[in-house]
Amino acid sequence: MTLRSEAETSRALRLDGRGRLREATRAAHERLHGQKLLAPLADGSIGLAAYRALLARLYGFHAPLEAFVAASPWAGRVDAALLAPRAPRLRQDLLELGVEAAELARLPRVGSSGLPELGDYGRFVGCLYVRAGSTLGARLLAKALDPLLGAGNVLGRGFLAGGDGADLQWRACCAAIDGATAEGCWDSMLAGADETFAALEAWLDAAS
Ligand code: HEM
């Protein structure tokens with residue numbers, strides 16, 4: 001009989017939970033690739049006005065979502081890196097792209113009815129999976145901005161480019177998925193992820 005080391009067992013659990021989440025949410029994720037505001041970003045055809053409008057809409061989603069997860073009763077159970085806000089970087093990008101601070105303050109923000117329901121720990125982790133996972137694809141989207149912003153120009157794309165904070169966040173996310181999977185929270189984790197994808201899609205569609 002072959003015994004698994006602790007590290008191998010942990011890796012198997014992570015692949016299981018994360019891999020299953022990826023497969024189960026594949027359709028929701030791929031629908032976003034074709035979403036009207038996001039598609040021109042992915043194919044490198046986006047113009048400045050449309051890029052600013054997209055970032056503004058993302059800001060109106062991420063800022064309230066981040067406040068919501070930080071205030072959740074489950075917030076103390078995860079590594080702080082997983083909750084690190086990314087909306088301030090979005091705000092900075094918008095300012096770098098010439099949006100006035102007063103205009104930022106007037107941007108519409110998603111209300112609580114437009115956010116996922118996070119009634120248990122699994123849903124909470126599922127929601128954070130969508131938020132942290134989005135930084136993986138976002139790196140590629142940041143590169144697709146070269147025709148618009150110029151190769152080597154970092155201004156206006158810090159949110160998408162991610163950086164070290166996004167790496168830490170993703171690692172903390174994988175650890176949280178490990179834990180929630182081991183606790184048997186699979187169904188609620190998937191529900192939280194599904195609802196978060198759906199909430200973002202609805203929010204973007206409402207502006208398209
Ligand atoms: C045009 C838009 C998008 C494109 C082209 C895209 C593309 C990608 C790609 C290529 C990956 C894999 C990256 C890697 O493994 O290194 C990825 C991962 C991921 N993306 Fe997106 N993405 C887009 C938008 C989004 C949005 C808006 C969200 C959610 C808010 C999202 C959530 C995720 C998640 C959760 C993962 C991790 C999947 C996993 O478990 O491996 N994506 N994306």
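The charged end of R77 sits over the ring of Y121, 3.7 Å from the ring centre. A charge counts as sitting over a ring if NZ of Lys or CZ of Arg is within 6 Å of the ring centre and within 35 degrees of the ring normal. The charged end of R20 is likewise placed over the ring of W186, 4.0 Å from its centre.

The model is predicted, with local features needing pLDDT of at least 70 and side-chain atom pairs counting only at pLDDT 80 or more, while totals for chains, interfaces and linings use all residues. Residues are numbered from 1 along each chain as its sequence is written, and side-chain values use heavy atoms, with hydrogens and water left out.

**Aromatic rings**

A pair of aromatic rings is described by the distance of the centres and the angle of the planes. Rings of Phe, Tyr and Trp (its six-membered ring) pair if their centres lie within 6.5 Å; planes under 30 degrees apart count as stacked, over 60 as edge-to-face and the rest as tilted. The structure holds three aromatic pairs.

Y121 and F124 both belong to helix α8 (residues 121–143), where they are three residues apart, about one turn of the helix. Helices (H or I, at least four residues) and strands (E, at least two) are DSSP runs, numbered from the N terminus. Both Y121 and F124 are buried, meaning under 20% relative accessible area, with exposed over 50% and partly exposed in between (1.4 Å probe, protein chains only). Together with W74, these two residues form one aromatic cluster.

Y129 counts as buried because its relative accessibility is 8%. W170 has 12% relative accessibility, so W170 counts as buried too.

**Helix α11**

Helix α11 has 19 residues and reaches 27 Å from its first C-alpha to its last, close to the 27 Å expected at 1.5 Å a residue. The expected span is 1.5 Å times one less than the number of residues. Its buried residues include A166, Q169, C173, I177 and D178. After α11 comes G184, whose phi is positive, near 80°.

**The iron site**

Which protein residue is the donor to the iron atom of the ligand? The single donor from the protein is H29 (NE2), 2.1 Å away. Donors are N, O and S atoms within 2.8 Å of the metal (3.2 Å for Na, K and Ca); water is not among the atoms, so sites may look incomplete. H29 is placed in helix α2 (residues 26–33).
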